[in-house]
Amino acid sequence: MSTVTIRDVTKTYGTQQVIHGVDIEIEDGEFVVLVGPSGCGKSTLLRMIAGLEEISGGEVAIGPRVVNDVVARDRDIAMVFQSYALYPHMTVAENMGFALKLAKLSKSDRAARIGKAAEILGLGPMLGRYPRQLSGGQRQRVAMGRAIVRNPQVFLFDEPLSNLDAKLRVEMRSEIKALQHRLKTTTIYVTHDQVEAMTMADKIVVMRDGLVEQCDTPLNLYDAPANMFVAAFIGSPSMNFVKGRVEHREGTPIFVSEDGIVLPLAAGCTVAQGRPVIYGFRPEHMVLSDTGIPCGVKLVEPTGSETMVFLAMGGTAITGVFRERVADAEGATLKVLPDPLRAHLFDPETELRIG
């Protein structure tokens, strides 16, 4: 196990810079998820840590050692890819032990490590099978076992669950998290799925366009997003945003939208009178109320435990998630009210959250 330190790291392809001075501190034994939309640079950053991409500037250190000029095989890391990359002509045991064979470990040492990893992953009865005889989830376990047997300082995962169906993805992310807790190995995991990030990570790094937008625990990202991008990316469905201004009427702060709709603010709001802001609230932080804002129903999507409703609040499209069974059809009107204690205000120009 070891720490990973990323200091002012940049990546340039020709004249195009794709990673812009990234700084991240990853503690020993920590599970860190790099998340962001396609093209944000998360996989490129992971590959630089692995030694599969050259570092254009800055430093990457694994433990006390700077590894910029260390080849991938000497960095003491193990990587699990989106593709299982298993040798079809080798058995599960042979696939898991291939790197150990190349490292010239004795047959008995290889067997001991393979047996221990197989026990952890529930692969014992399958050691004699070939990849074609395994399900997708079993193949992913073999790929993970191939990494575990190396006893690396750091595990690197690059969207390992992308090829699995929805049910298996949920099962496998639980298994990966439990495995990391058991092994206590420093882990860096890349995904574009914010639900995976929220459920698995000790710490999440949200990236956009080669920059780190925010680095924090999952719940801190959810409760206190640094800006509108993080607020919209973390949480599903995405946060609602309404443009308007703050007013103080008889000592009570309120938000007035561009359509003249009045939304509540927390009593302690100190934003100046008349300041333009963007009012953000999550779909699950709304309630149905007789004193709420009339909103036109565009679409209702029942999921069983919850109902997702797409609404029009004046000229702004919003989404609500309710525990109640909402049966209103398109064209109906629902009265909804955001929770002012959970609402956020953002600056329209910088898109930063107003503390």
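Let's start at Gly-296, which sits in strand 15, residues 286-302. Keep in mind that this is a predicted model. Is Gly-296 buried, exposed or partly exposed? Its relative accessibility is 25%, so Gly-296 counts as partly exposed. Now its contacts. Set aside the neighbours within four places in sequence, and Gly-296 is in contact with Phe-310, Leu-311, Ala-312 and Ala-332.

From there, jump to Pro-237. In sequence, Gly-296 and Pro-237 are 59 residues apart. In space, they are 19 Å apart, C-alpha to C-alpha. Pro-237 has its place in the loop between helix 8, residues 228-233, and strand 11, residues 240-249. What kind of peptide bond joins Ser-236 and Pro-237? A cis one, with omega at about 0°.

Let me step back for the overall picture. The protein has 355 residues, and 49% of them count as buried. There are 8 helices and 19 strands. Along the principal axes, the C-alpha atoms fill a box of roughly 80 × 45 × 35 Å. Take the contacts between residues at least 6 apart in sequence. Of these, 66% join residues at least 24 apart.

Next, helix 5. Helix 5 runs over residues 166-183, which makes 18 residues. From first C-alpha to last, helix 5 reaches 26 Å, close to the 26 Å expected at 1.5 Å a residue.

Which residues of helix 5 are buried? Leu-168, Arg-169, Met-172, Arg-173, Ile-176, Lys-177, Leu-179 and Gln-180. Why do they share a side of helix 5? Because they cover an arc of only 165° around the axis, which puts them on the same side. Turn to the face pointing away from that buried side, and you find the exposed residues Lys-167 and Arg-182.

What do the buried residues of helix 5 pack against? Quite a list. The strands are strand 3 (31-35), strand 7 (154-158) and strand 8 (186-191). The helices are helix 3 (107-121), helix 4 (136-148) and helix 6 (194-200).

Look at Lys-177, which lies in helix 5. Lys-177 has a relative accessible area of 13%, so it is buried. Not counting residues up to four places away in sequence, Lys-177 touches Phe-31, Met-200, Ala-201 and Asp-202.

Now the two ends of helix 5. At the start, a side-chain oxygen of Asp-165 comes to within 3.2 Å of the backbone nitrogen of Lys-167. Just after helix 5, Lys-184 takes a positive phi of about 55°.

One is Ala-85, with phi near 55° in a residue other than glycine. Ala-85 is in the loop between strand 6 and helix 2. Its relative accessibility is 46%, so Ala-85 counts as partly exposed. The other is Glu-250, again not a glycine, with a positive phi of about 55°. Glu-250 lies in the loop between strand 11 and strand 12, residues 252-257. With a relative accessible area of 84%, Glu-250 is exposed.

Last topic: empty space. Rolling a probe the size of a water molecule over the atoms shows where such space is left. How many cavities of 30 Å³ or more turn up in a search of the whole structure? The search finds 1. The largest cavity holds about 30 Å³ of space. Its lining is Phe-155, Phe-157, Ile-176, Leu-179, Gln-180 and Thr-187. Strand 7 and helix 5 each supply at least two of the lining residues. Helix 5 gives the largest share, 3 residues.

Then the largest pocket. About 660 Å³ of space lies there. The largest pocket is lined by 26 residues. Nearest its centre lie Ile-77, Ala-78, Met-79, Ala-99 and Arg-150. Which elements give two or more residues to this lining? Strand 6 (77-80), helix 2 (92-102) and helix 4. Helix 2 gives the most, with 5 residues.

Key
Residues are numbered from 1 along each chain as its sequence is written. This is a predicted model: local features need pLDDT of at least 70, side-chain atom pairs count only at pLDDT 80 or more; totals for chains, interfaces and linings use all residues. Side-chain values use heavy atoms; hydrogens and water are left out. Helices (H or I, at least four residues) and strands (E, at least two) are DSSP runs, numbered from the N terminus. The expected span of a helix is 1.5 Å times one less than its number of residues. Buried means under 20% relative accessible area, exposed over 50%, partly exposed in between (1.4 Å probe, protein chains only). The arc is that of the directions from the helix axis to the C-beta atoms. Contact means heavy atoms within 4.5 Å. A polar contact is a pair of N or O atoms within 3.5 Å; within protein, one must be able to donate a hydrogen and the other to accept it, and residues adjacent in sequence count only if both atoms are side-chain atoms. On a 1 Å grid over the protein atoms alone, a cavity is a set of points where a 1.4 Å probe fits but cannot get out, and a pocket is an open set with protein on both sides within 12 Å along at least five of seven lines; lining residues have an atom within 4 Å of a point. Grid points are joined across faces, edges and corners, and a volume is the space filled by probe spheres set on the points.
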